[in-house]
Amino acid sequence: MFTTVGRWCARRPGRVVAGWLLLLVAALAAVACYGRVTSEEVSLPGSDSQAAKSIADSAFPGSASGPQPFVLHTAPSAARLDATAQRAAVEQSAQAIARVPHVVGVTDFLDPADQSALSADGHTGYLSIDLDVPARDLTAVTTKDIVAAAAPATAAGIAVTPGGNLAAGADRRPTEYSEVVGLVAALLILAVALRNVAAAALPLLAGGIGLGITLPVIGLLGHVMDVPSAGATVAAMIGLGVGIDYTLFCLTRFRELRAAGVDVEEAAVRTTAGSGKAVAFAGTSVVAALAGLCLGQLPILYALALAPAIAVLVAMTLNLTLLPAVLAAQGHRLGAGRRAADTAGPAERADRPRGWAAIAGFVVARPWRSLLAALLLLTVLALPAGRLTFGQIDGGDDAVGTDGHTAYTLLADAFGPGINGPLQVTDTLPTPATGASDPRLTAITSALRQTRQVASVGPAQLAAGGRQVRWQVTPATAPADPATATLVHRLRATTLPAATAGSGQVTHVGGTPAALADLNGRIAGRGPLIIVAVLAVAALLLLLAFRSPLVAVKAVLMNLLAAGASYGVLTVVFQEGHGGRLIGLHGPVPVPGYVPLLMFAVLFGLSMDYEVFLLSAIRESHLRDGDDRRAVVSGLGRTGPIITSAALIMVSVFLSYLLDDDPVVKMFGLGLASAVLLDATVVRGVLVPASMTLLGTRNWWLPRWLDRILPDLDIEGDGGPSAPAVAQPVTTPAAPHPEPRGAR
């Protein structure tokens, strides 16, 4: 099939290129017409917080967004907000904001009967703005219009700052800067590795086209499901990385075939049949690992899995169709791989292995010491992961200077930290209430006010039918403070059951802190199932690829160590705040529960292409020579340079996203970069060759019953005669002091 696809595309390059360009233009035009949508809403079907939200939405209609704060502030030396001139400016601003499209209501703090939205010193207050669009449809345009409508307040010397979802719309910035930095770094690495400008530009072209299609598709997807902004950014991060890496692997094979004298069209076809097949296997592995997240049965995990999966599928399809067309049309400009015979004499090649071949020689001569040293390093890096706890991100974790952080700080300083994450308690009565003074309502109000860590409780709000009631409860602690999650559990387990015992009332606790607490609880409960599923998929795919149970199990265990080490980095830098200022953080930041889960799935998928590339070369040498140690040295010597280049590109792309203001994006960038770096160096460069040397021929052991049922996939076979290796052939150096036989 791969040969057929490759040949069809290679013989019709004009049609294939035109088709992809048309698809790119269509995607960009669609997103230009309909807009790119993201949402930070957390939906948890079946949870207590979702039940509270559903009741509130149905019983108290009129606002699709919930009240959003619009903060007004004056300096301590200036007039109070309730002074005559300032009062008039605020009233005019509120009236103008009420006329902004999508605004359905504005509540100010000037009502003498209720000035709870005005600070005690009179210098900070907020308007509550209700909108007719949900958070995912709220754009920066609406926020700008609201800020512009507050011109009377600004003219009176009052600083205005949008908060909540309004701030999210204003602070949402494009990530093109990060992507440009990543592309420039990738170009430099490719130029050094390939020594051909046209060849170096080809992977960037493929990555850019893939990104140009992926991001609009994800943006349009946001119209029908909640896609977090971090999900779109992670998809861009992964799509750009794998798009460049996959093209580099295929391009390397093409140049090898050209160096062996294969004509351009045939080389393009065999590249698709061989390396293209391996890319399809690796891409499918990433998608399969991401699909494991769906076992969490959480909408946010569906979105976070689907977005990068789209990016990987686009990159994979590009390599199977567009790449052979471009190779056939422009292959004569891409140069040929350098052969060892062109750069070294026989004695040098036989006695002085260099680069990765020299490293492999060192490792196979000292397998136990190398293995233990690598295990020790990964274990030390992974130890802090034992302290990792799931937390919640709030506006206080936004970058300093953003509207979200400014509004959060002003409100917390003026009204206490809990104002930024109020809870919503709902109650469904068996019979209609007689009014706000109904004993059933006053009992709950009293119980809420007497609960520890509750700063204030708003008056009971009774729905039109008299059976649904809600209260706004302000915690004494910040939304991200673990004490707030503890308060949520206390209200559900103790306060509300005691206040409604025997009455037939049904209560729920909602609000953003409650929803995030429910999310982390769900992830903690279902995380083990997701992890087991991802491990099983990875092991099965490796078993199918290499027909070796030991290779599959060993690879899974090594990837677990690399993932654990990357979790340790997350814990130290983000949760504990060590070195955080170097990447733009202003203190410790909680790690949301979905970050480690998504990282886990992505890492197992991304490591597959390196594993396939390296083990295919080792197995090929083993089948040819029958010498296990020589096979390890030859395999790593041949593939080490290309794996290094691919890993450096991936790491550069991931690290470029540290320039993003979103702390969650920074987590993914640093976590994935550290994991890929460790995977390509410590795991592929030390653990794999050391363990394979120690296992010897047992690496390829396969029970007869399993041999009969496993298909022979031949992951990298291209159906043609093997091309000579482009890397230098090497011999296994003899260890001057071999390890004692008993040490094995």
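I began with arginine 11, which forms a salt bridge with glutamate 265 (a salt bridge being a side-chain nitrogen of Lys or Arg within 4 Å of a carboxyl oxygen of Asp or Glu), and the closest N and O atoms of this pair are 2.9 Å apart. The pair links distant parts of the chain, with arginine 11 in helix α1 (residues 2-11) and glutamate 265 in helix α11 (residues 264-291), 254 residues apart. I noted that helices here are DSSP runs of H or I with at least four residues, numbered from the N terminus.

Before going further I wrote down that this is a predicted model, in which local features need pLDDT of at least 70 and side-chain atom pairs count only at pLDDT 80 or more, while totals for chains, interfaces and linings use all residues. Residues are numbered from 1 along each chain as its sequence is written, and side-chain values use heavy atoms, with hydrogens and water left out.

I then looked up accessibility, where buried means under 20% relative accessible area, exposed over 50%, and partly exposed in between (1.4 Å probe, protein chains only). Arginine 11 counts as exposed at 52%, whereas glutamate 265 is partly exposed at 30%.

Next I followed the salt bridge between glutamate 576 and arginine 387, at 2.6 Å from N to O. Glutamate 576 lies in the loop between α20 (549-575) and α21 (594-625), and arginine 387 in the loop between α15 and α16 (403-415), so the pair ties together parts that are 189 residues apart in sequence. Glutamate 576 has a relative accessible area of 25% and is partly exposed, and arginine 387, at 45%, is partly exposed too.

I also found aspartate 438 and arginine 440 meeting in a salt bridge (3.2 Å, N to O), and both of these residues are buried. Asp48, Arg492 and Asp518 are linked in a network of salt bridges, and the count of salt bridges comes to twelve.

My last entry is on helix α12 (residues 299-330), whose 32 residues should span 46 Å at 1.5 Å a residue, and whose end C-alpha atoms are 44 Å apart, which agrees; the expected span is 1.5 Å times one less than the number of residues. I noted a kink of about 40° in α12, centred on asparagine 319, the bend being the angle between axes fitted to the seven residues ending at a residue and the seven starting there. Of the 32 residues of α12, 24 are buried, so this helix is largely enclosed by the rest of the structure.

Methods. Helices (H or I, at least four residues) and strands (E, at least two) are DSSP runs, numbered from the N terminus.
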